[in-house]
Amino acid sequence: MPGEIVLSDHFVLVITILYFLLIWAFYPHMTGRRNIANLFSNVWPLLALVIGQMFVLIVGGIDLSQTSIMAVTSVLGAMVMAGRFDPAKFEQNPLWGMVFSEQGGLLAGSGWAVPAAIIIMLAVGVVIGFLNGLAVAKLKMPPFMVTLVAMSFYSGLAIYLTRSENIMHLPDSFIAVGKGSLGPVSSAMLIVVTLAVLAFIILNLSILGRWFYAVGQNVRTARVSGVPAARVVILAYIFSGFCAGLGSILYSARLEAGRPTLGRNLLLDVIGAAVIGGISLYGGKGRLLWAVYGVLFFVVLDNSLNKMPLQFYSIDIIKGGVILLAALLDSLRTRIAARQTAAGEIA
Amino acid sequence: MTEWEIEFDRISKSFFGAPALSEVNFSIEKGKTLGLIGENGAGKSTLMNILGGVFPQDEGTIRLFGKKYSPSCPADATDAGIAFIHQELNLFPNLSVVDNLFIDGFPQIGKSPFIDKSSLQKRAAALLSSVDLNISVRTPVEMLSPGERQLVEIAKALSRDARVLIFDEPTTSLTTTERKHLFNIIKKSQQQDRTIIYISHSLEDVLELSDAIAVLRDGCLVSTGPGREYSVDRMISEMVGRRIEQMYPLRSTTVGSVALLKVEGVSQPGIVRDISFKLHENEVLGIFGLLGSGRSELARIIFGLDSCRAGRISVTEQDITSSSPVESILNSLAFVTENRHQEGLLMEASVCENLALPSLREFTRFGPARILNRSRMLEFSNRIAETLRIKSGPIHKQKVKSLSGGNQQKIVIGKWLLAAPAVLILDEPTRGIDIGAKYEVYGTINKLAEEGIGIMYISSELEELTGMCDRILVMSNGEIRAEFVRPDFDQEKILQAAFSGRAGYKADNG
């Protein structure tokens, strides 16, 4: 029955493999060692963001501010740990001489610089997520509006703080977080797999996970049943902010810079991958495996498009089309499922 | 010779091999009213869906006005002159009455795309007066009471000049006055020679309105005939397939002396005023009131879903006056909400997940990590499902939304039993479920009371309260107006108290 295949958990993985094989026929170097390594290096940071986004989507919200959280944390982290600031670029900056100077960032040279920067980046993500969650859960503002405004605000802030300059000269030990590896295992992989395991435990094994789904499916029933709904929603946004901070660490390390425009074009990738994976924009539905499959498909698609002789704008057009198809598939899936239960109900 | 409006000729339908209707065979006379009754799942909805073009029958034919009738979509049924007045109303709450009436065909100015506003107003006003509804046509539907909405829906059906009207449980959310009004309109339609199919669990209503009765059970027609040949007893025994001797079970324990729930002087402006009462061990305390009397609002305040300005509420000597639902539950309070779809259940989730939701905290391990102990959760949920005889597939897989209304309601009650409450608040626990399921729910409530739980029982069905309760408090306009103790339940006096203090009380009474 075609319905069964579309509803299957592994549908997206099957599609990804079929697509990969198809492209492989035309571009044999898809399976080259360098390309595979490149492919996976793109998977990890995106997966971190999608996992965070998934928590918010499950409680029936959306977090558009993730990419701006990345930008602002990237800049703040760099201000703490960068080894040198170019006076030509930063002398006019309001923070010049207070937070950083030609001799580097706030803690430049100290052994604490990198751990402190990492903690600050994560903490800022958590705080921004907390504020988003508070606005949604306590002030009852629409998530779309709250995080859209946050997106605009924090990306503006990141540019203001740096006067739109990239902060270079990050310490080597920080760059190793994004680029280093332990034998065949990259450190990025290690970090994101740990995150994924944690997310799996929360969603599938803990009470909190049941609460996330309950709030997303029907917040009124959840409240009556003793689920601390406001706290659960706030936690989802905190988790999303934390993941954005983590993504920021991985991307900043790879790019070896604190960038005020970090993640600028990433939002569609994040939400696209989540939707392709099957995480519902209507709330209450989503699994870790789906996030992984969604990211895999998205990264394979991106990789293959880059192999083709295409202009950058046609890549965007194709990506947009694929996400639209995924959204269509989502509503199709909902319909098929609804029809199956409707029939079952009457019988 | 009798003229038949609708003839069902050996209609059969099955879903995935499970028969929902088998060879249903009966006819409805032109201009008469047929009462269609049966338990949930007996096949009433399936039959009406076939008539309404939602899906086709597998076998058999329908003849409408003597002609073969096979609709392929709901619009075909509308065109053929069949109108549904649904249980869940199909109106747009944000639009005005007039927009709702003409949403599928605004009168136009000539052939232009512009709406003919003046004729619109006039036709809408005429339609509303035909159902004796005295409101402005510009009123948004969300401002109307459930009864008024129903009348708008009927007016909409009349606007299409429907020859056949189908009422599916029209009285569930109506007040007594609204019900009377609805019946007048139905009788008016009867005089205008419209054919009516009236579906309801309220058997007295069916008897009052119908010229003929058809009883369905398990997808088969049990009997059909003129209404005068039927009594409520006969209808029940045919629907259930056995006789229910004692609808309301007898309790073996007496009311205890320990007050479990104490409510003292609770007030919230515009909602409730100076409410005080005590609920004891082993007691079933009924709260009777009309829609808008504050009975459900009081329950919400006690449970902590809404707040109150003044007063004190305590459960087993613990103050819970301004506590959240979470704290109320931790203090052994439980609340079966009025509307199971909106507040009672997670329709997409499994039976087990729903049963365990309020007591998830009980099934943890590894301390603060609060990891769920699934096997224990499943074991306890299974025990509840067995005790309440919830008919379902494997409870960790079966989704709640595919169960019948009665089984869903049992889950709403069952989810609180896992939490072992001291006080259980029930708000309309038997609404929209069939007689067999009602009987089982009554038995469950009785058993809980015997175990010592204090039960606050809110209902708009007086008979149910007089059958089940030890004591009944009557609310009106947000106040407690009277108290009745078993065995001095006088239905007339209770109703009088419920109507007292209402605007138009005299009119209601006279």
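Predicted model: local features only at pLDDT ≥ 70, side-chain atom pairs only at ≥ 80, totals over all residues.
Trainee: What makes E6 and E10 of chain B edge strands?
Mentor: The open sheet has 6 strands in the order E6-E7-E8-E3-E9-E10, with mixed pairing. Strand E6 (82–85) and strand E10 (220–226) of chain B each have a single partner strand, so one side of each has no neighbour in the sheet. Neighbouring strands here are turned against each other by 15 degrees on average, direction ignored.

Trainee: How do you know that E9 and E10 of chain B pair?
Mentor: Two strands count as paired when there are at least two bridges between them. Strand E9 (residues 212–217) of chain B and E10(B) have 6 bridges, in the antiparallel sense. They therefore count as a pair. Within this pairing, Ile213(B) has Gly225(B) of E10(B) as its bridge partner.

Trainee: What makes helix H1 of chain B a helix that packs on the sheet?
Mentor: Helix H1 (residues 44–51) of chain B touches strand E3 (33–37), E6, strand E7 (164–168), strand E8 (195–199) and E9 of chain B. Its direction makes about 150 degrees with that of E7(B).

Trainee: Why is strand E19 of chain B called mostly covered?
Mentor: A residue is buried if 20 or more other C-beta atoms lie within 10 Å of its own. In strand E19 (residues 423–427) of chain B, 5 of its 5 residues are buried, so the strand is called mostly covered. Val423(B), Ile425(B) and Asp427(B) are buried on one side, and Leu424(B) and Leu426(B) on the other.

Trainee: Which strands pair with E19(B), and in what sense?
Mentor: Strand E16 (residues 333–336) of chain B pairs with E19(B) in the parallel sense over 4 bridges. Ala334(B) stands opposite Leu424(B) there. Strand E20 (residues 454–459) of chain B also pairs with E19(B) in the parallel sense, over 5 bridges. In that pairing, Leu426(B) stands opposite Tyr457(B).

Trainee: What makes up the right-handed β-α-β unit?
Mentor: The unit consists of E19(B), helix H15 (residues 435–450) of chain B and E20(B). The word right-handed is used because, with the strands pointing away from the viewer, the path over the helix runs clockwise.

Trainee: What makes up the side of chain A that touches chain B?
Mentor: The contact takes 22 residues from chain A and 33 residues from chain B. On chain A, helix H10 (207–217), helix H11 (219–224) and helix H15 (312–346) each supply at least two residues. The residues of this side divide into 9 nonpolar, 9 polar and 4 charged.

Key:
Residues numbered from 1 in each chain as written. Chains lettered and ligands numbered in written order. Axes fitted to C-alpha atoms, helices over the stretch in contact; angles between N-to-C directions. Contact = placed C-beta atoms within 7 Å. Buried ≥ 20, exposed ≤ 12 C-beta atoms within 10 Å, placed from the backbone. Nonpolar A, V, L, I, M, F, W, Y, C, P; charged D, E, K, R; others polar.
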